[in-house]
Every structure is written in structure tokens, then in C-alpha cells.
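Q: I'd like to go through this model with you. Can you put it up?

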Amino acid sequence: MSIHQSSNIKRITTHTLQEMKNRGEKISMLTAYDFSMAGIVDAGGVDIILVGDSASNVMAGHETTLPITLDQMIYHATSVVRAVKRAFVVVDIPFGSYQGNSSEALRSAIRIMKESGAHAVKVEGGAEIRESVVRILSAGVPVMGHLGLTPQSIYKFGTYTVRAKEDAEAQKLIEDAKLLEECGCFSLVLEKIPASLAKKVAEKVSIPVIGIGAGPDVDGQVLVVHDMMGITQEFKPRFLRQYADLRTQMLKAVEDYIDDVKSRDFPNEKESY
Ligand code: KIV
């Protein structure tokens with residue numbers, strides 16, 4: 001039964017997520033960027049929906065997450081929030097809207113919360129964005145951190161390969177995770193780092209750690225919904241498990257429709273007024 005058919009839906013909160021970590025229950029998280037997909041993902045019972053800036057790639061066709069704007073993120077978030085009855089909705093603050101200026105970070109977070117009705121924001125980075133994180137948290141906005149492969153810094157890294165394989169970067173990542181926890185972040189995403197390092201981080205911090213390409217020993221997992229549904233096909237990293245082949249099914253539906261139109265099979269008498 002879908003969650004939406006149940007009469008008493010209990011909303012997920014930061015408190016629920018912390019309790020899940022405390023009792024060792026894994027947290028499920030998926031992205032969504034629009035009303036229809038968010039409705040499906042929420043009805044399926046996912047715990048967190050991330051309105052990721054991966055919308056820049058998946059929805060808009062950009063090569064990186066850098067071009068998406070704050071207004072565009074708010075548009076996606078607003079559509080998602082309208083569909084969601086249970087999940088905790090987190091929204092990425094996009095590139096250029098929080099780094100280096102904590103007043104702007106606060107303004108961006110407040111716009112997201114006020115205009116979309118989402119429940120939290122996510123930011124990429126550690127010590128270098130500390131001031132912005134603290135400022136956002138001071139306004140009562142829950143913040144999720146994001147360490148490891150942080151796609152907004154792709155031009156600094158140069159590639160999308162696994163991060164923190166060397167000791168110095170691994171040590172900085174552990175320090176950043178502890179710092180984000182001390183600042184008051186309610187959760188962390190770790191992207192594309194060695195599983196042994198992710199395990200260490202999840203043990204060292206008491207807040208929930210959600211992994212993507214970070215192995216099994218973290219508190220939850222996140223995937224981009226279009227990747228796990230098999231809608232996007234060119235992106236096949238090792239960490240991606242594909243649960244459906246929707247692109248093939250959708251292509252077939254489009255071809256069948258065209259055939260029916262051309263052959264005058266559609267619409268038939270029952271489909272006409
Ligand atoms: O934007 C996004 O989809 C993300 C996930 C990959 C964690 O940040």
C-alpha cells in the first residue's frame with residue numbers, strides 16, 4: 001500500500017531522522033524536482049526528498065550543477081513540496097548563493113524556506129563555509145552538510161573520481177564532518193569516498209550520515225531518482241544500482257502512440273465524444 005493511502009501519515013522531522021540513526025534504522029533518500037515525481041517518491045515511503053541542484057543536469061541538461069539559479073531551485077522546491085505528505089524535504093542552495101558571504105547565505109536560505117515551504121537546506125563544503133552555516137542555523141533553518149565529491153567544486157577537482165583517498169584529504173574530511181556537527185548541522189551527505197572512511201565518519205559523528213558512493217556503513221543512502229529509475233542512461237557510475245528501465249518503457253510508449261496515430265487506430269469510438 002502506498003503511504004498516501006494511509007489515513008494517519010506522520011511527517012518525518014530532523015528528530016525522526018536522529019532517532020533512526022540512534023536505533024540503527026537506515027534512512028532512505030532520493031531526489032525529486034517536480035510535483036509528479038515527488039508524489040510517487042513520497043507515496044513509496046522515502047524518508048528524505050532532496051531537491052538537488054542535480055536538477056541542473058537532469059532537468060535542464062547542463063553539464064554541471066553550477067548554472068542553476070536560486071529562483072530555479074525555488075521553483076523546483078515549490079513543486080516538490082506541494083506533492084509531499086510525509087517525507088522531509090531538503091533543498092540544495094545553489095552555487096554562488098552562500099559561499100563567501102554569510103549574509104547572502106542567510107538570505108538564500110530564508111528565501112528557500114519562505115517561498116517553497118521546504119524543511120531544510122543543504123550546502124557543500126566544510127571549514128571554508130563555516131560562517132555561512134552558522135548564520136543559516138542561527139535563523140532556525142536546519143542545515144545538511146555535503147562533503148567528499150562536492151559537484152559545485154568540480155572545476156577545482158578537475159574530475160568526478162573518488163575523493164579523499166589520500167591521508168591529508170581524508171583527515172580534512174573527518175575534521176570538516178566534526179566541525180559541521182559542532183556547528184549544529186542535523187545531517188551530512190558523503191559523496192564518492194572510500195567506504196572505510198565513510199564508516200569512520202559515521203562512527204565519529206552522532207548526526208545521521210547519508211552516503212552516495214560511500215559504501216554500506218553509513219546511516220542512509222541517497223540516489224538521483226532519474227538514475228535509479230533508468231531514465232538517464234549515459235551516467236553509470238559503480239555506485240548506481242538501477243531499479244527500473246523507464247527510458248526503454250517510455251520510448252516504447254512514444255513509438256506505440258505514433259504508430260496508433262499514423263494508422264488511425266487512435267482515437268477510437270470509445271475515446272471520442
Ligand atoms: O544534487 C544532488 O542530487 C545531490 C546528491 C547527489 C546528494 O547533491
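Predicted model: local features only at pLDDT ≥ 70, side-chain atom pairs only at ≥ 80, totals over all residues.

Q: At what angle do α6 and α8 pack, and how far apart are their axes?
A: The angle is about 25°, with the axes of α6 and α8 10 Å apart. Axes are lines fitted to C-alpha atoms, for helices over the stretch in contact, and angles run from 0 to 180 degrees between N-to-C directions. α6 and α8 are therefore roughly parallel (under 35 degrees; over 145 is roughly antiparallel, 65 to 115 roughly perpendicular, the rest oblique).

Q: Which residues make the contact of α6 and α8?
A: Arg130, Val133, Val134 and Leu137 of α6 meet Leu179, Leu180 and Cys183 of α8; contact means heavy atoms within 4.5 Å. By class, six are nonpolar, none polar and one charged (Ala, Val, Leu, Ile, Met, Phe, Trp, Tyr, Cys and Pro are nonpolar, Asp, Glu, Lys and Arg charged, the others, Gly among them, polar).

Q: And how do α5 and α6 pack?
A: Helix α5 (residues 102–116) and helix α6 (residues 130–138) pack at about 45°, with their axes 8 Å apart. Helices (H or I, at least four residues) and strands (E, at least two) are DSSP runs, numbered from the N terminus. α5 and α6 are therefore oblique to each other. The contact involves Ser102, Ser103, Ala105, Leu106 and Ala109 of α5 with Glu131, Ser132, Arg135 and Ile136 of α6. The classes here are four nonpolar, three polar and two charged.

Q: What about α4 and α5, at what angle do they pack?
A: Helix α4 (residues 70–83) packs with α5 at about 35°, the axes being 9 Å apart. The crossing of α4 and α5 is right-handed.

Q: Changing topic: how do the strands run?
A: Eight strands form a closed barrel, in the order β1-β2-β3-β4-β5-β6-β7-β8, with parallel pairing (a pair needs at least two DSSP bridges). Neighbouring strands are turned by 25° against each other on average, direction ignored.

Q: How many bridges join β1 to β8?
A: Four bridges join β1 (residues 27–31) to β8 (residues 220–223). Serine 28 has glutamine 221 of β8 as its bridge partner.

Q: Where does α8 lie?
A: Helix α8 (residues 167–183) lies across β5 (143–148) and β6 (187–191), at about 175° to β5.

Q: How many aromatic pairs are there?
A: The count is two aromatic pairs (ring centres of Phe, Tyr or Trp, its six-membered ring, within 6.5 Å; planes under 30 degrees apart are stacked, over 60 edge-to-face, the rest tilted). Phenylalanine 88 and phenylalanine 186 have ring centres 5.4 Å apart and planes at 70°, so this pair is edge-to-face. Phenylalanine 88 is in strand β3 (residues 88–92) and phenylalanine 186 in the loop between α8 and β6, so the pair ties together parts 98 residues apart in sequence.

Q: Is the peptide bond from phenylalanine 266 to proline 267 cis or trans?
A: That bond, from phenylalanine 266 to proline 267, is cis, with omega near -5°. Proline 267 is in the segment after α11 (246–262).

Q: And is the phi of alanine 164 positive or negative?
A: Alanine 164 has a positive phi of about 60°, although it is not a glycine. Most residues other than glycine have a negative phi.

Note on methods
Residues numbered from 1 in each chain as written. Heavy atoms only, no water. Left-handed = near helix turned anticlockwise from the far one by under 90°.
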